[in-house]
Amino acid sequence: MSSDIDITRAIFESYSQRFLQSVSMDVAVVGAGPSGLTAARYLAAAGKKVCVFERKLSPGGGMWGGGMSFPVIVVQEAGREILEEVGVRCRRHGPYHVADSIEATAKIIAGAVDAGATIFNAVTVEDVMASQDKVCGIVVNWTGVLAAGMHVDPLSLEARAVVDGTGHPSEVCRIVERKLGLRTPTGRVEGEKCMWADEGERLTLENTREVYPGLYTTGMASNAVMGSPRMGPIFGGMLQSGKKVADLILEKL
Ligand code: 48H
């Protein structure tokens, strides 16, 4: 009888404590894809209080499925080095390296958690907090509440930096474009262009930057914002972008 209640108490008290500890953080990463998780690992390893917010039940984003659901990913040299930091076994294949996408995704998640990042799953970021033309936090709601279309107001969490790691839709940047006037060099959030792996990989890294005061992009969102090509199931750019955005934030904080 009482053990059922103890289980409820253990879960509710632990989660409440975790949530309360996260109402004010150094970095909020939106989206637990390979870029966001990699950014979180480096930031946490550098001693920053970093939380990752993932809409879905499972973190990992688009990496589980490899290419067309063949569970294999391709990386170049720099990506291999980042994968090996978290113990992923890579194998040379022609000019590339390949890894099992399930092993890689699981170890990237574990790497972020082991470094000290907190991952909130099943939580959607639906808005940002802004003050004096600077993004200074995120606004979250339960994914289940949003999926059910219930009119429930969200909660706000403060962050010194926010990272848009939402992948192809670049959701946070689109919100900031609409509500705060984020502008790219071309004047608007462009959306990604057609497949061109080499160029897409190169530009993912180049496009990783602070796009609005307090708001950074990483991974596919960086290319979507700047109108650069997609690159298919080659993931080194995502990992390098996560590392770069962590470095950019560490320079500032
Ligand atoms: C909370 C959210 C929200 C939100 C979205 O798509 P991802 O894997 O992102 P990246 O950039 O780390 O990696 C991209 C890669 O997976 C990919 O798609 C590639 C390389 N494509 C190339 C090609 O040509 O197709 O992960 C983003 C995550 C997902 O898990 C979403 O559920 C989550 O962000 N997310 N979480 N609040 N508003 N929006």
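**Notebook: the ligand and its shell**

I sorted the residues of the shell around the ligand and found eleven nonpolar, twelve polar and five charged, where Ala, Val, Leu, Ile, Met, Phe, Trp, Tyr, Cys and Pro count as nonpolar, Asp, Glu, Lys and Arg as charged, and the others, Gly among them, as polar. I note that this is a predicted model, in which local features need pLDDT of at least 70 and side-chain atom pairs count only at pLDDT 80 or more, while totals for chains, interfaces and linings use all residues. Residues are numbered from 1 along each chain as its sequence is written, and side-chain values use heavy atoms, with hydrogens and water left out.

I looked up which residues surround the ligand and found 28, the closest being S35, E54, G62, R230 and G232; a residue is near if one of its heavy atoms lies within 4 Å. The largest share of this shell, three residues, comes from β7.

I then checked polar contacts (pairs of N or O atoms within 3.5 Å). A polar side-chain atom of S35 lies 2.7 Å from a ligand oxygen, a backbone N or O atom of G232 lies 2.8 Å from an oxygen atom of the ligand, and a polar backbone atom of P34 is 3.3 Å from a ligand oxygen. Taken alone the ligand exposes 790 Å², of which the protein buries 92% (Shrake-Rupley method, 1.4 Å probe).

Finally I counted aromatic pairs and found five, with ring centres within 6.5 Å as the criterion.

Definitions and conventions. Polar contact = N/O pair within 3.5 Å; in protein donor to acceptor, adjacent residues only side chain to side chain. Helix = DSSP H or I, 4+ residues; strand = E, 2+ residues; numbered from the N terminus. Phe/Tyr/Trp six-rings, centres within 6.5 Å; stacked < 30°, edge-to-face > 60°.
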